[in-house]
Amino acid sequence: MKKAYLIHGTSLPDDDWFPWLKKTARQKLNCMVKIVDLPQPFSPHPSEWDAACDRSIVATDGVTIIAHSLGCIEALRFIEQHDVEQANLILVSGFDEPIYTYPELNSFADHTFNYARDILPKVANAVVVTAKDDRIVPTQFSQTMAQHLRAKLILQSTGGHFLGDAGYTKLPVVLEELERVMA
């Protein structure tokens, strides 16, 4: 069975579209999605999240990581810190620099990635999904991250931050991209 990992942001593993993806990927793609349980998701600390990812994600060539919001920075940190090749990244509403909407997350976002040296040589596929009406992580931040990654950008006209309380308990575009990168 294929395997992927999901790194949530400042939410819980059973929030938003995460449970749907876990169940549907297994049923439709024969892919097990392991949701990383991150400590203190509402007051996160980079070193604690790094340790949780190190315990949960097997750093193998071809690793597939799906991430949402702050989880996208953590996914990049994981790739940066591990000797992997041909990684697949599906990043939803992500950013890789400080954002004015949540300065309390700057302990993650203040880190500058050397994409050319530490990220791009390790990545086979990168996809960034964002919505024009995202008020939590404004679209330009996701677009910049996509440019840094030389990623496929999926820009939706609506969707906000793709949160469950806004009706996003399913996110088919992520399932479609997961199927594509794992083919």
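Predicted model: local features only at pLDDT ≥ 70, side-chain atom pairs only at ≥ 80, totals over all residues.
- Helices (DSSP runs of H or I, at least four residues) and strands (E, at least two) are numbered from the N terminus.
- H68 is buried, as its relative accessible area is 2%; buried means under 20%, exposed over 50% and partly exposed in between, with a 1.4 Å probe and protein chains only.
- Contact here means heavy atoms within 4.5 Å.
- Setting aside residues up to four places away in sequence, H68 touches I7, H8, G9, D16, W17, F18, V92, S93, H161, F162 and L163.

- Rings of Phe, Tyr and Trp (its six-membered ring) count as a pair if their centres lie within 6.5 Å; planes under 30 degrees apart are stacked, over 60 edge-to-face, and the rest tilted.
- How many aromatic pairs does that rule give? The count comes to five aromatic pairs.
- W17 and F18 form an edge-to-face aromatic pair, with 4.8 Å centre to centre and 75° between the planes.
- W17 counts as buried because its relative accessibility is 0%, and F18 is buried with a relative accessible area of 0%.
- F18 is found in helix 1, and beyond the residues up to four places away in sequence, F18 touches L6, H8, S11, L12, P13, I35 and H68.

- Two packed helices are described by the angle between their axes and the distance between the axes.
- Axes are lines fitted to C-alpha atoms, for helices over the stretch in contact, and angles run from 0 to 180 degrees between N-to-C directions.
- Helix 1 (residues 18–29) packs with helix 7 at an angle of about 40°, and their axes are 11 Å apart.
- That makes helix 1 oblique to helix 7; angles under 35 degrees count as roughly parallel, over 145 as roughly antiparallel, 65 to 115 as roughly perpendicular and the rest as oblique.
- Helix 1 and helix 7 make a right-handed crossing; a crossing is right-handed if the near helix is turned clockwise from the far one by less than a right angle, and left-handed if anticlockwise.
- On the helix 1 side, W20, L21, T24, A25, K28 and L29 meet P172, V174, L175, L178 and E179 in helix 7.
- The residues of this contact divide into eight nonpolar, one polar and two charged, where Ala, Val, Leu, Ile, Met, Phe, Trp, Tyr, Cys and Pro count as nonpolar, Asp, Glu, Lys and Arg as charged, and the others, Gly among them, as polar.
- V174 lies in helix 7 and is buried, with a relative accessible area of 0%.
- Leaving out neighbours within four places in sequence, V174 is in contact with W17, L21, I66, I90 and V92.
- V174 and V92 are 82 residues apart in sequence, yet 8.3 Å apart in space, C-alpha to C-alpha.

**Helix 2 against helix 3**

- Helix 2 (residues 46–56) and helix 3 (residues 70–81) pack at an angle of about 65°, and their axes are 10 Å apart.
- Helix 2 and helix 3 are therefore roughly perpendicular to each other, and helix 2 passes helix 3 in a right-handed crossing.
- P46, W49, D50, C53 and D54 in helix 2 meet L70, G71, E74, R77, F78 and Q81 in helix 3.
- By class, this contact has five nonpolar, two polar and four charged residues.

**Loop residues worth a look**

- S93 is in the loop between strand 4 (87–92) and helix 4 (106–109), has a positive phi of about 55° although it is not a glycine, and is buried at a relative accessible area of 0%.
- F162 lies in the loop between strand 6 (152–156) and helix 7 (172–182).
- Phi of F162 is near 55°, again a positive value in a residue other than glycine, and F162 is buried with a relative accessible area of 0%.
- Is D133 buried, partly exposed or exposed? D133 is partly exposed, with a relative accessible area of 28%, and sits in the loop between strand 5 (123–131) and helix 6 (139–149).
- Not counting residues up to four places away in sequence, D133 touches T139, S157, T158, G159 and G160.
- The C-alpha atoms of D133 and S157 are separated by 6.9 Å, and the two residues are 24 residues apart along the chain.

Methods: Residues numbered from 1 in each chain as written. Heavy atoms only, no water.
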